[in-house]
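User: Hi! I would like to learn how to read the place where two parts of a protein meet. Could you walk me through it?

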Amino acid sequence: MGYRATLRGERFHFADLPELLAKANEPKSGDELAGIAARSLRERVAAKLALAEVTLGELAERPVVEDELEASLLAAHDREAFAAIASSSVGELRDALLDPSSRAELALRRAAILPSMAAAVAKIMGDKDLIVAAAGLRTVTRCRNTLGEPGVFGVRIQPNHPADDPEAMLLAVLDGLLHGCGDAVIGVNPVGDSVAGVATQLGVLQRVIEVLGLPTQACVLAQVGSQLAALERGAPVDLLFASLAGTTDATASFGLSEAMLRDGREQVLASHRSRPGFVGEQVVYVETGQGSALSAGAHHGVDQLTLEARAQGYARLVDPFLVNSVVGFIGPEYLADGRQIRRAGLEDHFMGKLLGIPMGMDVCYTNHVDADQNDADDLLVLLAAAGCNYVMGVPGADDVMLSYQSTSYHDAASVRELFGLRPAPEFEAWLAGRGLWRDGRLVASSGSDLRALYDASRPALGR
Amino acid sequence: MSDLEADPVATATGWLELRRAAAVVTPARVFLGSAGLSHRSADALALRADHAAARDAVASVLDLGHPALAPLGLFEVCTEAGDHAVHLRRPDLGRRLGPDARARLTAEGTVGADLQVVVGDGLSVAAVYAQVPALLVELERLTGLQGWTWGRPFAVRHCRVGVLNDLGVVLDPRVVVLLVGERPGLATAESLSAYLAWRPRPGCTDADRNLVSNIHDRGTPVELAARRIVALAEAMVAAQASGSEVREPDQL
């Protein structure tokens, strides 16, 4: 058994599906670190050629990892819809995704696509293919507003502070609102994980939402256990946040299991029944990122793109409101430079959309990787073209808690204007009501706008 | 250059007043003002300047003879990551003790301490120089108050967090605290993390560890960090475990 391809008269052999998938990947330092990357450029292309011939049916029958996650993915697989495409090859799937009419049909059958299929087709696509195909695959989700409709480009306000200071968090939120950001979520990464701290932050964010009448959702991106303990103490949890990786044991290394996640989701949903303002039942926020399974020593010899697709499949099991990859966060040992980060960002977004999840992106880089703000600018523009659901809004692009750079409020606002994109409809109406949005454009705000918002928000701090 | 401080409109409308007030509360780049919807020149270039400084900080290497560290009398072992470039690209090697490390640790270190503090360069030696001297003194004092035995502190060059497992095998401490330089941010390159583990052994992961991060003047100051670390260590002793089973006690 195995896979073969001949390239310009040279024969290549791949022993099994994991080897074929790994070698067909675009260059990633993480696959080299794992010792599974193609050994030459010719071998990489040969693997792509062989992979293009593999049928989707074969991918469904040959799991790359046998774990609890695989069983759950197969249990949720829409076999009826899959029957119509099972005999297609990966190459044929690529072609179908690039043709608007067949893509529209596939968009209705996304529950038939398994993660290994999304990964396989991404591996034989160029960057522009990833953009063109993804732009035609929308995913709409609802929590306290509606994200993902055509023409909508959401932005998370990420008001992190190195000491979890509530006032500092509030100031960063106000700044984001003036740039039209915050419709995706107001999401804080806390420094501490104590239940009291998480409950305090959830309380402050919820009061900001209440006193300003914001049609958006809040989230404190703490451990699932801490969020649920805070919920038990009466703290308002709009969205349950979870970091997911591409294998059961890699996610377990974050202290999380499928059962905990499903139970947590039920608890949050139940708590929403006694709270006003929800327009939908999508209550989970997931972050992922290529390389996390290898980092946890739980990659099972599988390449990081295929595992990223599995992490997205994991997310799909809990019907998320938001999913994003934190694409440049992990460091140069997994994505070496701006070029690899750009490729991974486009892949992650495309695969998520093909799997039917509401894919956004943290376009970012750390200070130990060979990349800079120009790389973030480039990927941001490419993802806006690809119809990305949302991106991050960080004050001045500089996250002073997590110590990395992402996209700024300014970046998000100027890209919205460049492409004629808008915030979530409920949020757009709120901005318009405050005079911050007019005729499909952000209105430049003045000191008096800032002062008015500042004064209106003070009660959130009990002042 | 287009400095908002010199902009009469920003002054007249009260924008500048709020921006100055915010700067007292947070190092975040809030209320910058805009050029169209984009960043103003001064802000765009300030970001590039700070990034350049952070990149240069990542490139610097640990020096135990540095005036901040010299009085501490640390000795040094190295991981399998032989040089700085390898350290950045091969975290697997940075998690394993190098060939001479075991002998040196058994000869010069403490076996079976109740609390063992280890200093790792990680991704910022500036953080090590800035935070470790005061933090080490405070941790030793609090450890004494607990009546715990104190392992002789040492440094690990080219250090990743996973090296805790090898250290657990060689020295068998009860609780290990790894003080390691965080990836430099733009606001500061002086942020330190403390990773704690109860009797670490091969196979332990981040799920078996606890973390106090952002240890620097504008984040978690050294004295508070020391109290949080020792409180976590106490919780580990009580639970005979670490990681997700041990939740950090509410803020002290």
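**Reading a domain interface**

Analyst: Happy to! Let's begin with one pair: the side chains of R310(A) and D67(A) form a salt bridge, with 3.0 Å from N to O. Keep in mind that this is a predicted model.

User: Which helices of chain A supply the side of domain 1 that touches domain 2?

Analyst: Helix 1 (17–23), helix 2 (29–33), helix 5 (68–75), helix 9 (115–123) and helix 10 (127–135) each give at least two residues to that side. By type, the residues on this side of domain 1 of chain A are 27 nonpolar, five polar and nine charged.

User: Where do the two domains lie along chain A?

Analyst: The domain assignment puts domain 1 at 3–135 and domain 2 at 141–453. Their centres, taken over C-alpha atoms, are 28 Å apart. In contact are 41 residues of domain 1 and 43 residues of domain 2 of chain A.

User: What area is buried between domain 1 and domain 2 of chain A?

Analyst: Here is the general idea: the size of an interface is often given as the accessible area lost when the parts come together. For domain 1 and domain 2 of chain A, about 3600 Å² is buried, and carbon and sulfur atoms give 64% of that. On the domain 1 side, K28(A), L69(A) and I131(A) lose the most area to domain 2, together 17% of what that side buries.

Terms used: Residues are numbered from 1 along each chain as its sequence is written. Chains are lettered from A and ligands numbered from 1 in the order in which they are written. This is a predicted model: local features need pLDDT of at least 70, side-chain atom pairs count only at pLDDT 80 or more; totals for chains, interfaces and linings use all residues. Side-chain values use heavy atoms; hydrogens and water are left out. Domain bounds come from an automatic or database domain assignment. Contact means heavy atoms within 4.5 Å. Buried area is the accessible area (1.4 Å probe) that two parts lose on being put together, summed over both. A salt bridge is a side-chain nitrogen of Lys or Arg within 4 Å of a carboxyl oxygen of Asp or Glu. Helices (H or I, at least four residues) and strands (E, at least two) are DSSP runs, numbered from the N terminus. Ala, Val, Leu, Ile, Met, Phe, Trp, Tyr, Cys and Pro count as nonpolar, Asp, Glu, Lys and Arg as charged, and the others, Gly among them, as polar.
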